[in-house]
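Hi everyone, thanks for making time. I have a structure to walk you through, so let me put it up on the screen.

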Amino acid sequence: MELTGAEIFVNSLKDEGVKHVFGYPGGAVLHIYDALYQQTDVEHILCRHEQGAAHAADGYARSSGKPGVVLVTSGPGATNAITGIATAYMDSIPMICFTGQVPTSLIGNDAFQEVDSIGITRPCVKHNFLVKDVKDLATTIKKAFYIATTGRPGPVVIDIPKDVTAQKCEYSYPKKISMRSYNPVVKGHLGQVKRAVKLMLSAKRPMIYTGGGVILDNASKSLIDLTRKLGYPITNTLMGLGAYPATDKQFLGMLGMHGTYQANMAMHQSDVLIAIGARFDDRVTGNIEKFCPTAKIIHVDIDPASIAKNVKVDIPIVGAVGAVLKEMLSLVKESKTSPDKEALKEWWKQIEEWRSMDCLKYDRDSAIIKPQFVLEKLYEVTKGDAFVTSDVGQHQMFAAQFYQFDKPRRWINSGGLGTMGFGLPAAMGAQMANPGEQVVCVTGEGSIQMNIQELSTCKQYNLPIKIINLNNGYLGMVRQWQEFFYQNRYAMSYMEALPDFSKLAESYGHVGMKIEKPGDVEGALIEAMKLKDRLVFMDFITDQKENVYPMIPAGAGLNEMILI
Amino acid sequence: MENEAGALSRVAGLFSARGYNIESLTVAPTEDDTISRMTIVTTGSEEIIEQITKQLNKLIDVIKLVELTDGEHIEREMLLIKVKAKDKVKDEITRLCEIFRGHIIDVSEESYVIEVSGDSEKLDAFIKSLGKMEIIEVVRSGVSGIARGSRSLDV
């Protein structure tokens, strides 16, 4: 039977196993919305802004491992989604974003709500397609899911002109797809893996450094097995938190600009660095000239372009981290040599010395609420089991430092692009993907206002998210840099005219709380978590002058941290 | 690479986004009209060239990539040049054309159009040899390249 393009769209999603689409209707996608209306297999979640829709799909993907799906209209619908697409691109999140387009006859005509979506998204997608013929639609959708979810994942945009959604053709969804120009590798080169294992086992001061790649490849279990077998210290990047249990003794905390002293010092003094699914980002390495001066480096990554991009590598291994970690573990088990116990003992002694500096200490007796205290209490109250999304700024760093993530996919933040406004919509996606689970959004009064309209979406779909607003009246990270590097000239970092957030939340139909005393923090959190079916907006009035420590200033090496 | 709309802009966009140089870029369909062949001339340190290679390979439309300068290869570029050609200068131009194995492919009362092909240095040398003659217009095709011997870029 012949179907319209719009019906083919819906059927393709169904056959792909898609349950949720986040989007916003408009002229160019009305045929598609009409087709969605007439079925129940694919649920559409109406966000209040296309950026919100894209972040929601992103949070859905990060928390579940399934690709996120977005549907927006042409022109402004597509441009509003760009920030969300770029956010997903920087963090390698599988996402398929469908953008409506003006009819093919009008493309290039400066038509109403026309924008060159393919051109404008090209630098921030893994790939994109313009579907000009309805006969290509199903195959293109299949290709898009294949590309988005394999290799190094990423967003794929499909631009569909309105007339294509009205044209008819026979529908069949391809079961498999292969592309001559796209064949991502899985297994690492065995010879290289053997060399890597040999080097690993010869280490005196080893360090394991892992990133988002471990989480994306669901390789947490393999990482834990290998790390425990070796007995080596391990650190995670901001994107990699949760891949290795934060409460484990071998875990040194996050590394990088606001990482722990022990993690950064251990990196700096290591003799063998084992980098897995991480990309040596500038926020991790500090001054690249001073990075790990004595280390031989092993780098495992699925993307060859990530290897030797920033840092020279001694043993590169291109492959899926899960497969390589398994291979490494079996080689370690088979090997006649085992880790150097004496050297390791010395190394751990040194590390414990660094750890005893207690680099995350803060004033626990403060009469004003400290943001760190809120996050510590949040961790205790949720028993470390919540899905925690965050926005961008000081609160993001505090959450990464003070919430102990023991499981992967629980920590959801915009690490690469650093997108303010990410937290709330991402929490919506995480809640849709994990009904019944506790989802918390840690944010600040700056970030939350960048997508606060999504409180309305949360009401419509009864998403019982708990919002932790660390309200210090400043764009805290900007203020911190202005204090450190611009002699306290607080240009535009003070937020005047803030709303009463608890009342604002109430007007959206949610529960609002305002917490002003340290003694009320724990009680408020307990009370909020008890409201299982309600969104609770907790406005914590926190210390205006608190800074994120420790810190590596720009241009410094990992061993040159500023401690409090 | 796949002979798809937008494939060229992906390559050009990659070079500008990452700040790589393109000295020249030529592209046209091959004997298989679903495939285009592109020759890019670029410069950079060994690390940069390695990154360019990896980033290009990452583009979904790129089927296969070889670095021709890794081995023996041939580079050819075509030059079309229009020069003022009056009176006794005509003989001089004809002689230079012969030396450089070029052809005069259009003749008018006052001008010649000359076609020369070869590697880029040869074309530079030809233009230089025209010396004081008045050049009206220069068109260069950019470099196309192919490996010597049996080495080939199959897909």
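First, some housekeeping. This is a predicted model, where local features need pLDDT of at least 70 and side-chain atom pairs count only at pLDDT 80 or more, while totals for chains, interfaces and linings use all residues. Residues are numbered from 1 along each chain as its sequence is written, and chains are lettered from A and ligands numbered from 1 in the order in which they are written.

On confidence, the model has ipTM 0.91 and pTM 0.96. Chain B has an average pLDDT of 94, with 100% of its residues at 70 or above; pLDDT is the predictor's per-residue confidence, from 0 to 100.

Now, how many residues does each chain bring to the contact? Chain B brings 16 and chain A brings 12, where contact means C-beta atoms, placed from the backbone, within 7 Å. On the chain B side, α1 (7–17) and α2 (46–58) each give at least two residues, and α2(B) gives the most, with five. Helices here are DSSP runs of H or I, at least four residues, and strands are runs of E, at least two, numbered from the N terminus.

Let's turn to the domains. Chain B splits into domain 1 (7–65) and domain 2 (73–145), with bounds from an automatic or database domain assignment. Their centres, taken over C-alpha atoms, are 29 Å apart. Five residues of domain 1 of chain B touch five of domain 2 of chain B. On the domain 1 side, β1 (24–29) and β2 (36–41) of chain B each give two or more residues, and β1(B) has the largest share, three.

Note on methods: Two residues are in contact if their C-beta atoms, placed from the backbone, lie within 7 Å.
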